[in-house]
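Please keep the view open and follow along point by point.

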Amino acid sequence: METPTINDLSISIATENGTGSASANNILFKAIFKMGVPCSSKNMFPSNIQGLPTWYQIRASADGYMARKDMIDVMVMFNDATAAKDVYRVRDGGMIVYDDSTPLAASLKRDGVQYIGVPADELIQKIVPASPLRIKQRNMIYVGVLAALFGIDMETIKAVLQDAFGKKPAVIESNLVCIAAGFNHVKEKGYSQNIGRLEPIPNGNKGKIITEGNTACALGSIYGGASVICWYPITPSSSLAEAIEHYMPRLRKTDGKAAYAIVQAEDEIAAVNMIVGAGWAGARSMTSTSGPGLSLMNESIGLAYFAEIPCVIFIIQRGGPSTGLPTRTQQADIQLMYYASHGDTRHIILIPHDMKSCFDLSRRSFDFAERFQTPVFVMMDLDLGMNLWSSEPLKLEKEPFDRGKLLTAEQLDQWEKQGKKFRRYFDQDGDGIPYRTIPGNPNRKASYFTRGSGHDSDARYSEDEKDYKETLDRLRKKFETARQYVPKPIVEMNDGVRAGVICFGSSYEPVREARDRLKASGLKTNHLLLRALPLTEETRKFVEAHDVIYLVEQNRDAQMASIFKDEWPGMGAKIVSVLIYDGLPVTTLEVVRQIRQHSDGNLKEDAKWPEKKLIASI
Amino acid sequence: MAGEKVNRVNLTEKDYEGSASTMCRGCGHDAISASIMRAFFESSVDPRKVVKLSGIGCSSKTPAYFLSQSFGFNAVHGRMSAVATGANLANHTLMPIGVSGDGDTAAIGLGNFCHMMRRNVNITYVVENNGVYGLTKGQFSATADKGSVMKGGKINDIPALDICELAIILGATYIARSFSGDRKQLAPLLEGALAHKGSAILDVISPCVTFNNHEGSTKSLKYVKDHLDPIHDVDFIPFYENIEADYKEGTDHMVTLHDGSRIVLHKLGKDYDPSNKMQALNMIHASVAEGKFLTGLIYYDPNRLDFATELNLGDTPLAELGQDVLQPPAELLDRINADFMK
């Protein structure tokens, strides 16, 4: 018999989508959070509305590790369609919760795991009279079962229901009855288990919030002053624009009038061109999309780059190429963003890794766009954007908007008095960033002609080779200036450590845990969390200071490593790519396994993947 | 300047000029630019309140050739309607004029064009329609008529897309067709479009003298002139001119525009009410069947609100709102944080 763990548990819930499991899972997750136990959840859902398999994985970790756990302790097997595989997703010594209204098929029986049967169908038939609600409420039964088995009390469940449905007592009651039925069934049968216990941690999650990256980005955009928001629905980015639609009217109030325009465009091409038009005309404009949308937007991103128009583009990455895996996570559009559009182009990319940075970098993205008069990307991924993450509260840093080198009519008057002439694309300050005016500026010297075709420093049409090359070189100089401004990486350095790990975005949590595990097994690493492109001097120094750099990214072709090697070809040989691209949120074990594989030359026992019994750890 | 005629904002016709045109000599587009300058001058519009937009193609070059005091934006191929939509939302107090061609509007940009009209974005949108891709040297466009012959002898066997018909169906609210060579008709139609708040679409047949002006082409200068089918003569009376219109009950039709300006349509044979959608569509069909170019104010809807109004935008353009309005107070974020703790 193993010793039960305290507050260290992973639960995977297999259901059919469209059966209300999202509500049940959310209640379970929030209950654990309310107990004060650090926890995270990963929703692995299909690109479908009803009838396809979905898994929800909850991890409770007293140590505060938020990555998807590689080992499943408990499998709630509530989807017949995936049961045959789900049986083998749980670890040896783990538990399977199933509906025993009908006997379990022989093929679903397996040694080494504990089966807990609960007659969910029978119970729900007694509670809920025949109605479409029955199927939705059946899933509440397992909430009660797990609560009883692992130590969540009904008072906590009630409090969560109260938070969720406070204004609808009937809804609270109907859910509570179902949860209680599952709870009581376990108690009546006297089921027990020896896997682990959840115990309240007083103030354990005090001051912590739970939200999704897309919501945090939406709020950051509103606080950053986004006023023209044009988008086209695409998973996993839609919830960002929808969160803006939700929060904008209540946050930005003006005497009965809208201080914003939100447009659901006819396609991504229209969306990006609308924000280009709005950015040109002086509004803080943005769109959000995913890989396929970014592919469509490419031409006009080049226009905004070449004509020097500020706008912000949120990319919530999913599995590609083509339609790929629309509801799974990936970081495989890095190069598509960095070099977006034809011709010589390079773009600023901001890379959040947690809820706070989603908010902060989204807010600041508009400053970067206006300062550098160029499209700025905020690089997200589905894991970060659509999963629930616990976090410190979002915080507004009070700083004035940086509108960059934007000239008002009065400033132009001043310029004239000083004998200075406004030249739209002239590098007045030697930093590659020209001065800008916006339409409506009443000064007669303010207007200019914007175009995506060749132009000189006075914005006149030009096919002259000197003008063209000058423009390209200045744009590159501007990009080099941006290198000094973009958010610096967060570096953790310890003397004498020869191996460095670099990661970004949603890989941060699994890497954090992996480094602890590696350290425990004798491999110390330093760490650099990348927060922006272009790469900065701090990153160069970090790479230089180590013998080997493990660069963790979620794509097949080591796209970020290519950018490193392009910047610093001399150091390319140091980079060992850790590549995870199965579409699921990164697990700690996979990071450990790949780093160990390189550092040891072969696998150590503790990092071995017990493949013979496990199919995948969904 | 002494002696020169000035308008109500104290500008001369010269103040509405742009840089020198680089169109082919005799190109219809230059004549349209001239009508555009005339219309802006006559309407006394301050060029600083105008934004000029275009896509790609010969026609899309032309905004550089008028109103040099206005901001201009030459976007990518087919996307002017979307760029204009965004610019209009950022600053709805500006007056946008878009110039596009039949390739830019009716082929690559068709989707965005349709949705701009569906939204009734405020814009004067001029399609310089010659049935041919000029800048790429003479391919058929989507408005080339069935049976029209290309310079090399190739015959177009796909029916033309009718921009006015499309505009009516999709919800544009001021729809006219004219001919580049008819400034007497085109200039007042443009003035009317400028006074209108909503999508004003002007399909202007503008023969390409280089690639589509030969025997067998249905968009040659000669063919077009021979097949014009004007519904009415058009007069524009600006809002500030409190004069009695030359208006005859029974034979004329008066249209009052959003800013109080009026258009008087003097009947030429047929009885025509431009607010009747079905009649407009029927008329276009009948004219196409006869191989003619129906010109005049084809359709007008004074009631539909423009997009910026639908979106409830305030008087101050979004582009001019400061951080005090755009950035909500920190306390509201604290409240959201509290919700997220539940």
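1. Start where a strand from each chain meets: β18(A) and strand β2 (residues 71-74) of chain B run parallel and are joined by three bridges. To find the spot, look for A:Phe449, which stands opposite B:Gly72 in β2(B). Do keep in mind that this is a predicted model.

2. Now step back to the whole contact between the chains, where 56 residues of chain A are in contact with 47 residues of chain B. On chain A's side, at least two residues each come from β9 (209-212), α8 (213-223), β10 (228-231), α10 (268-280), α11 (291-307) and β18 (449-451). Which of these gives the most? That is α10(A), with nine residues.

3. The make-up of that side of chain A is also worth a look: 33 of its residues are nonpolar, 14 polar and nine charged.

4. Elsewhere in chain A you will find an open sheet of five strands, in the order β19-β21-β20-β23-β24 and with mixed pairing. Its edge strands, β19 (490-492) and β24 (575-579), each pair on one side only. On average, neighbouring strands of the sheet are turned by 20 degrees against each other, direction ignored.

5. Within this sheet, strand β20 (residues 499-503) and strand β21 (residues 525-529) of chain A run parallel, joined by five bridges. One pair to pick out is A:Ala499 with its bridge partner in β21(A), A:Thr525.

6. Finally, turn to helix α20 (residues 588-600) of chain A, which lies across β23 (548-553) and β24 of that chain. The helix runs at about 145 degrees to β24(A).

Methods
Residues are numbered from 1 along each chain as its sequence is written. Chains are lettered from A and ligands numbered from 1 in the order in which they are written. This is a predicted model: local features need pLDDT of at least 70, side-chain atom pairs count only at pLDDT 80 or more; totals for chains, interfaces and linings use all residues. Two residues are in contact if their C-beta atoms, placed from the backbone, lie within 7 Å. Helices (H or I, at least four residues) and strands (E, at least two) are DSSP runs, numbered from the N terminus. Ala, Val, Leu, Ile, Met, Phe, Trp, Tyr, Cys and Pro count as nonpolar, Asp, Glu, Lys and Arg as charged, and the others, Gly among them, as polar. Two strands pair if DSSP finds at least two bridges between them. Axes are lines fitted to C-alpha atoms, for helices over the stretch in contact, and angles run from 0 to 180 degrees between N-to-C directions.
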